[in-house]
Structure formats: structure tokens, C-alpha cells
Amino acid sequence: MSSNVIVEVRNLHKVYPSGTHALKGVSLNVYEGEFLVVIGLSGSGKTTLLKCINRLEEPTAGTVKFLGKDITHIKGKELREVRTHIGMVFQQFNLIKRMNVLSNVLAGKLGYMKTLPSIMGNFPPQCIQEAMKNLDIVGIKEYAYERADKLSGGQQQRVAIARSLMQSPKLLLADEPVASLDPATSNSIMQYFEKVNKELGVTVVCNLHFLSLVRRYATRVIALKSGEIVFEGLPHEIDEAWFKKIYGEEAEEVEIR
Amino acid sequence: MLDPELEIHPKEKILRKRKNQEKINLIKAILLDIFFVFYAILVLQRAIYYKVILDLRELPFSWAEVILILIISAAIGIIWGYSRTSLGTRIMGLGKETKSARLISEIFAWTLFNLTFIAGWLVTKISLIDLFSKEGIEGANRIFHALFTPEFGIFDDALFAIIETIYLALIATLLSIPPTLILSFLTARNLMKDHWYTFMIYYALRIILNFVRSIEPLIWAIIFSVWVGIGPYAGMIALLVHTIAANAKLYSEAIESIEEGPVDAIEATGANKLQVIWYAVVPQIVLPFLSFTIYRWDINVRMATVIGLVGGGGIGTMLMQYQGLAQWHEVGLIVIMIAFVVWIMDYISAKIRESIY
Ligand SMILES: Nc1ncnc2c1ncn2[C@@H]1O[C@H](COP(=O)(O)OP(=O)(O)OP(=O)(O)O)[C@@H](O)[C@H]1O
Ligand SMILES: [Mg+2]
């Protein structure tokens with residue numbers, strides 16, 4: 001791992017207004033081109049960590065650097081510019097339900113557009129071509145004019161991936177992207193992430209629940225436990241003992257193929 | 001590499017916050033108690049003692065007396081509140097959890113309710129004798145007979161008047177849409193809470209809108225009929241003003257209850273605030289907005305009728321004229337037409353709202 005650092009997180013703390021101390025001094029590097037998976041129990045702070053990286057949440061203390069630039073406290077235009085380089089995919093897909101698939105994908109370009117034309121829906125032809133190309137990459141070009149909420153969960157998640165690809169992201173954050181999908185669909189969605197990572201060279205940071213998926217797709221793993229990093233290493237290094245340490249003594253591994 | 005910023009002690013912070021909150025709540029509880037005691041003494045003195053026991057016609061009034069009562073109630077309220085056995089502390093959730101404390105506050109609450117009921121009875125001068133007197137029943141008979149034998153001679157005048165009312169309501173509703181939209185975004189907490197200055201705007205607008213909304217359209221109509229002259233125009237502006245204030249609240253509540261997920265997703269693409277609103281907020285609220293607006297038109301037709309009574313034009317003004325002349329057959333026709341139109345509007349608006357969902 002001597003390649004370039006794309007994200008550098010140092011001593012990150014997050015305290016929510018409710019008083020929950022969700023991250024307690026997390027430090028990590030994300031290297032260019034890797035497929036980093038974050039695991040941990042529900043409530044361990046995985047979502048919070050991702051949201052602090054693209055600043056959907058404000059870090060309470062510590063620093064976040066993106067491509068060497070300190071982005072912990074940037075605001076306004078500067079923040080939006082940084083965000084255009086960071087795609088994000090969510091567990092609940094978070095599409096605009098009443099819009100069609102193509103418009104949803106085009107929304108990924110908003111950060112690059114002027115306000116007025118984007119609100120009028122005036123996307124330049126090359127944008128639309130790009131959107132169709134990205135829909136093709138995730139294999140749902142033929143659904144371009146369907147309403148987003150008519151699609152199945154797996155298809156909606158593919159739309160969300162296509163939307164993030166519109167940003168030509170350097171980094172893709174995925175927050176439990178397959179947690180509300182069945183095992184077969186989960187696997188096919190993970191393959192799209194792998195494709196984006198390997199073929200398009202996009203660095204991926206992905207929160208996952210199932211270890212079988214972690215072993216299959218991750219190039220490196222970080223485990224969070226109540227807001228602290230308790231494991232950092234390669235997927236095959238997570239043995240029985242580590243597993244119990246991360247998930248608690250009671251836990252037993254379930255197989256998802 | 002620890003920096004001083006890391007000295008966060010969330011537990012202590014929360015504890016301190018909770019203590020402060022409790023103090024504020026106790027003050028609120030005591031203020032409530034003072035008010036309750038003050039109210040109880042006043043009602044006892046004026047309604048029960050003066051009116052029932054002494055049977056005075058003219059109630060004596062002096063500020064000195066009121067202030068004396070206020071001072072007494074303040075003293076009682078403070079002591080009672082601190083003992084944590086009062087109604088106020090129970091309402092604020094600070095009351096002692098003993099049986100006697102609970103009993104005391106319950107008895108006091110029951111007393112307040114009964115005092116209010118008795119005072120209310122006296123104020124409205126409820127009298128069964130009036131309701132069932134011979135002349136009374138004869139008068140009612142005459143009117144009801146006239147109402148049920150409507151005079152169709154004024155049908156076309158009434159029809160024009162009622163159409164005027166419907167249009168008046170429609171225009172008020174349509175004109176309300178643009179300002180309501182803007183105001184609803186500015187009074188949606190989730191969109192305005194991020195910066196202190198947007199929060200100030202939010203707060204100021206909320207107060208103004210609450211104030212405007214708390215004044216009934218009827219009163220607005222009186223104000224505007226003085227301002228722009230009696231007629232449909234005054235009625236329309238009165239409805240418009242109230243519709244804006246009422247719907248801005250409904251709209252902004254719809255905005256506050258949207259799914260946050262799409263907002264996160266669009267924000268994450270680097271979109272600016274306007275783009276986020278247009279792409280993530282607006283699609284989620286068009287249907288509720290449409291539905292509220294159509295429903296409001298329906299309400300406005302009814303209100304326009306009432307507003308007409310004070311000179312807001314349309315069928316209400318016509319009703320008022322015939323009522324003033326005691327031409328009850330004509331009044332009967334107008335009432336029937338109003339009932340019919342209201343019923344139709346109700347039906348249509350319900351159907352439209354059903355079909356858009
Ligand atoms: N917006 C919020 N306000 C207050 N507390 C929050 C908020 N979001 C998360 N938390 C709290 O912070 C802690 C970490 O939450 P987070 O969502 O990061 O965990 P997670 O690892 O993503 O869990 P899950 O697997 O359930 O998604 C939890 O205790 C949670 O209750
Ligand atoms: Mg999560």
C-alpha cells in the first residue's frame with residue numbers, strides 16, 4: 001500500500017446534538033484504487049464516518065483531508081466543488097421517486113451545472129449521452145424513461161450507482177448499499193461496485209454487514225466498534241477470534257453467497 | 001496528537017443542559033400556578049360572590065382589587081409550586097409522585113373546571129324559559145315556515161351572487177399560491193435551521209404568520225372593507241390574506257415531514273441549496289400542496305359566504321340584505337342555494353383530491 005492517499009482522516013470525533021458520541025478518535029487512510037470495506041455492528045458509527053468524509057455531517061473534532069486538502073471546515077462553493085468528486089450511494093437508494101430514471105441519473109451532474117439551466121431541466125446533449133452510457137454500465141438502459149419508484153430495489157440501487165458515476169467521482173462512498181436487498185441481488189450489485197472500482201478506477205469505501213461479501217470484494221477492511229477502530233487489515237485476516245471481538249461473543253457468522 | 005478540542009464530555013454537558021431545562025420548567029410551572037390561582041379567585045369573587053350570592057346587577061371593578069388578588073395569587077403560586085404539589089408542576093412533569101400531591105392537584109383541576117363551567121353558564125345567560133316560551137316558539141315557527149317555502153322570484157339574482165362568491169373564493173385561492181409557496185419554504189424548519197440568519201427569518205415569519213392566521217377572515221373582511229370599500233374586492237383580499245397564512249403553515253409542515261434521504265443524496269452530488277430544493281424537496285411536496293390548495297378553495301367558498309355578511313360581496317351580502325328586511329322566504333331560497341353549492345364543492349374537491357393521489 002504505497003500508493004497515493006486519497007482520504008486522510010485524523011482523530012475524528014463526532015458528537016451528535018443528542019449527546020451520542022458516534023466517533024471517538026478515528027484515524028485512517030484511504031488509498032487510491034482500493035476497495036475499502038468498513039464493518040461493525042449497528043450503531044458502531046459506519047454511516048457517521050462516511051457522512052463526515054463528504055461533510056453531510058459536521059465533524060466535531062479532528063481533520064478530514066481529501067487529496068491532500070483539508071476539508072474539515074470548508075463551506076459553500078468550496079465544499080460543493082469537493083463533493084462533486086465524491087459519489088455516494090445509500091442503503092435506501094434515495095432516488096427522486098416521482099422522476100424518471102434518466103432525470104435521476106442526470107441529477108448526479110447538478111454540482112457541475114449552473115442553477116437556472118439545471119432547474120429548467122436543460123441538460124446539454126453530451127450530459128444525456130453520458131447518462132445513457134452510465135445506465136448502460138449498470139445494465140438498465142432500457143428503463144431510462146420509467147418512473148424511478150416503479151423499479152425493483154436492485155434496479156433502483158443501480159440507478160443510484162449510475163447517478164454517482166455522473167459525477168466522474170474519484171471516490172465512491174457506499175453506505176450499506178445491499179442491506180435492503182436479497183442475497184442474489186446483493187451479489188450482483190456488489191459486482192457493479194467491483195466493476196466501477198476495477199474498470200473505472202474509482203476508489204470505493206463501502207459499509208457492509210455480511211462477512212462473505214467482505215471477503216469476496218474488499219481489498220482491505222476496517223472494523224468499527226462503538227466509534228473506534230478495532231481492526232484494520234486484509235479480509236482473510238478476520239478469523240473467528242477477530243469476528244467475536246468485532247461483533248461480540250454471542251455472534252455467529254451467517255453465510256451469504 | 002491530542003488537541004484541546006477533544007476535551008468533550010458529552011455526559012456532563014447533557015446533565016448540565018437537563019438541569020437548566022428543569023429550572024426553566026419550574027419557572028413555567030410556577031407562572032402557570034399563579035395564573036390558575038389568580039383565575040380561580042377572580043371567578044370566585046366576581047361570578048360566584050358578586051353575581052350569585054350578592055346578586056348585583058352592576059359588578060364593581062377596581063384595579064387595586066385586581067392587583068391585590070394578583071399579589072395574593074403570586075404568593076400562593078410560588079409557595080405551592082415550590083412544594084411541587086401544584087397543578088402547574090404536575091402539568092410540567094415536575095410534581096411529587098406521592099398520593100396526596102396527586103390528589104391535591106387533581107382536586108384543584110376539578111375545581112377550576114367547575115368554576116369555569118358555572119361562570120360560563122352565567123355569562124351566556126342560559127335560560128330554558130326563553131327557549132320554550134310561547135312567543136318564542138311562535139316566532140320560530142314563522143321563520144321556519146318561511147324558510148321552507150322559498151321565494152323563487154329572486155333565483156337569478158341569487159345565482160349571480162353565488163357565482164360571484166365562488167369566483168371570489170377561486171381568485172383568492174389562486175392568488176394565494178405564489179406567496180404561500182415562497183413563505184412555506186422560508187418557514188420550514190429543516191431548510192432554515194442551518195444558519196443563524198436564516199433561522200431569524202424563519203422565526204420572524206412564523207410569528208407574523210401565526211398572528212395573521214389567528215385573526216379570522218371575518219375580521220380581515222371588516223378591516224379591508226374600510227380600507228378598499230365594501231364589496232367583493234374587500235372580501236377577496238380578506239380571504240387571500242388568511243389563506244396565505246393558513247396554507248403557509250400546512251405547506252411548511254409538509255416540507256418539514258419530507259424524507260431526508262433524497263436531500264442527502266442530492267446534496268452529496270455537490271448541488272447548491274436551490275438545486276437541492278428543486279430536485280429533492282419539491283417532488284415530494286407537489287401532491288400535498290395541490291391537495292391543500294383544492295381543499296382550501298372549498299373552505300374559501302364557505303368563508304366567502306360568511307364574509308359577505310359583513311359586506312364582502314356575493315351571496316352573503318345578499319343574504320344580509322333580505323334578512324335585514326325580514327323577507328324570510330327570500331332568505332330561505334338563499335340558504336338552500338348556499339347549502340347546495342357547499343355540498344357540491346365539498347364533493348368535487350374530495351373527488352379531485354382522491355384522484356391526484
Ligand atoms: N442524526 C443523528 N442524530 C443523533 N444521533 C445519531 C444520528 N445519526 C446517528 N446517530 C447515532 O450515532 C451512533 C452511530 O450511528 P451510525 O448511523 O453512524 O451507525 P451505523 O454503524 O451506520 O449503524 P447501522 O448499521 O445501524 O446503519 C448511533 O448510536 C446512532 O444512534
Ligand atoms: Mg448506517
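1. Let's start with the lining of the largest pocket: it divides into 16 nonpolar, 5 polar and 14 charged residues. Keep in mind as you read that this is a predicted model. The pocket itself has a volume of about 1,400 Å³.

2. Who sits around that space? There are 35 lining residues, and those nearest the centre of the largest pocket are A:E58, B:D194, B:H195, B:E267 and B:K273. So you'll want both chains on screen for this one, because the lining residues nearest the centre carry A and B labels.

3. As for helices, chain A brings in α2 (76-83), while chain B brings in α7, α8 (189-192), α12 (261-268) and α13, each with at least two lining residues in the largest pocket. Top of the list is α13(B), which gives the most to this lining, with 5 residues.

4. Next, have a look at the second largest pocket, which holds about 260 Å³ of space. Its lining has 19 residues, and A:G43, A:S44, A:G45, A:K46 and A:T47 are the ones nearest its centre. From chain A, β2 (21-31) and α1 (46-53) each supply at least two of the lining residues of the second largest pocket. By class, this lining splits into 3 nonpolar, 12 polar and 4 charged residues.

5. Some of those names come back around ligand 1. It has 14 residues around it, and A:S42, A:G43, A:T47, A:T48 and A:E176 come nearest. A polar side-chain atom of A:T47 is 2.5 Å from an oxygen atom of ligand 1. For A:G43, a backbone N or O atom lies 2.7 Å from an oxygen atom of the ligand, and a polar backbone atom of A:G45 is 3.0 Å from a ligand oxygen atom. Taken on its own, ligand 1 has 630 Å² of accessible area, and the protein covers 64% of that.

6. Lining it are B:I162, B:T165, B:I166, B:V301, B:T305, B:I315, B:I338, B:V341 and B:V342. That makes 7 nonpolar, 2 polar and no charged residues. In chain B, α7 (155-186), α13 (273-309) and α15 (328-356) each give at least two residues to the cavity lining.

7. Finally, the layout of chain B: the domain assignment gives domain 1 (4-126) and domain 2 (146-356). The C-alpha centres of these two domains of chain B lie 38 Å apart.

Note on methods:
Residues numbered from 1 in each chain as written. Chains lettered and ligands numbered in written order. Predicted model: local features only at pLDDT ≥ 70, side-chain atom pairs only at ≥ 80, totals over all residues. Heavy atoms only, no water. 1 Å grid on protein atoms, 1.4 Å probe; cavity = no way out; pocket = protein on both sides within 12 Å on 5 of 7 lines; lining within 4 Å. Helix = DSSP H or I, 4+ residues; strand = E, 2+ residues; numbered from the N terminus. Nonpolar A, V, L, I, M, F, W, Y, C, P; charged D, E, K, R; others polar. Domains from an automatic or database assignment. Near = heavy atom within 4 Å. Polar contact = N/O pair within 3.5 Å; in protein donor to acceptor, adjacent residues only side chain to side chain. Areas by Shrake-Rupley, 256 points an atom, 1.4 Å probe, with all protein chains shown as cover. Points joined across faces, edges and corners; volume = space filled by probe spheres on them.
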